[in-house]
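This report goes through one protein chain, starting from a single side chain and ending with the chain as a whole. Please keep the sequence and the structure at hand while reading.

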Amino acid sequence: QVQLVESGGGLVQPGGSLRLSCVVSGFTLGHSAIGWFREAPGKEREGVSCISSSYGVTYYADSVKGRFTISRDNAKNTVYLQMNSLKPEDTATYYCAAGDCGTWIAVSDFGSWGQGTQVIVSS
């Protein structure tokens, strides 16, 4: 019943911006943390950002701090990831997931995943 659907990916030039959206259903967004993860070919899936359920505390991987911003709209059951100053190393499939932010953004702390949306940063 729990579903997460990502959108907003695409091809952008280095230095460009994208906003990813994650629409969730089957649970109340205000009662679940949502994390953003990314996976590049041949690499482990890594946590990018997370927003907690109760207080809306946000977390970011060091590699994206100052460039990415996570936010949520509880009325629309949607979480966003605003990505600015994109770099080629940001190229990956991005996933949103429901779970717990924990001490840091860990794959093992998230049980429900979206299908993913691809982001390509290239000239």
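## T91 and its contact with V121

In this predicted model, a polar atom of the T91 side chain lies 2.9 Å from the backbone nitrogen of V121. T91 sits in the loop between strand 8 and strand 9. With a relative accessible area of 28%, T91 is partly exposed, because that value falls between the 20% limit for buried and the 50% limit for exposed.

V121 is one of several residues that T91 touches; leaving out residues up to four places away in sequence, the set is A40, V119, I120 and V121.

The phi angle of S85 is near 50°, a positive value in a residue other than glycine. Most residues other than glycine have a negative phi. S85 has 40% relative accessibility and counts as partly exposed.

Which residue other than S85 has a positive phi of about 50° although it is not a glycine? N77 does. N77 is placed in the loop between strand 7 (68–73) and strand 8 (78–83). The relative accessible area of N77 is 19%, so N77 counts as buried, the limit being under 20%.

Apart from residues up to four places away in sequence, N77 touches C22, V23, V24, S25, F27 and L29. For F27, the C-alpha atom is 8.9 Å from that of N77, while the two residues are 50 positions apart along the chain.

## S21 in strand 3

S21 is part of strand 3, which runs over residues 18–25. S21 counts as buried, at 13% relative accessibility. Its contacts beyond four places in sequence are V5, E6 and S7, then W36, and finally T78, V79 and Y80. Of these, T78, V79 and Y80 fall within the residue range of strand 8 (78–83).

Is S49 buried or exposed? S49 has 0% relative accessibility and is therefore buried. S49 lies in strand 5, residues 46–51. The S49 side chain reaches the backbone oxygen of Y59 at a distance of 2.8 Å. Residues up to four places away in sequence aside, S49 touches I34, G35, W36, Y59, Y60, I70, L81 and I105.

Y60, one of the residues touched by S49, is in strand 6 (residues 58–60). Y60 has 15% relative accessibility and counts as buried. A polar atom of the Y60 side chain is 2.9 Å from the backbone nitrogen of I70. Beyond its neighbours within four places in sequence, Y60 is in contact with V48, S49, K65, F68, T69, I70 and W104.

## The chain as a whole

How many helices and strands are there in the protein? There are zero helices and 11 strands. The radius of gyration is 13 Å, close to the 14 Å that the globule rule gives for 123 residues, so the protein is as compact as a globular protein of that length. The C-alpha trace spans about 40 × 25 × 25 Å along its principal axes.

Of the 123 residues, 43% are buried. Among contacts with a separation of 6 or more, 57% are between residues 24 or more positions apart. The protein exposes about 6300 Å², and carbon and sulfur atoms supply 46% of that area. There are 9 positive and 10 negative side chains, and the centres of the two sets lie 7 Å apart.

Terms used. Residues are numbered from 1 along each chain as its sequence is written. This is a predicted model: local features need pLDDT of at least 70, side-chain atom pairs count only at pLDDT 80 or more; totals for chains, interfaces and linings use all residues. Side-chain values use heavy atoms; hydrogens and water are left out. Helices (H or I, at least four residues) and strands (E, at least two) are DSSP runs, numbered from the N terminus. The radius of gyration is taken over C-alpha atoms; the globule rule is 2.2 Å times the number of residues to the power 0.38. Buried means under 20% relative accessible area, exposed over 50%, partly exposed in between (1.4 Å probe, protein chains only). Contact means heavy atoms within 4.5 Å. Accessible areas come from the Shrake-Rupley method with a 1.4 Å probe; for residues, only the protein chains shown count as cover. Lys and Arg count as positive and Asp and Glu as negative; His and the chain ends are not counted. The place of a charge is taken as NZ of Lys, CZ of Arg, CG of Asp or CD of Glu. A polar contact is a pair of N or O atoms within 3.5 Å; within protein, one must be able to donate a hydrogen and the other to accept it, and residues adjacent in sequence count only if both atoms are side-chain atoms.
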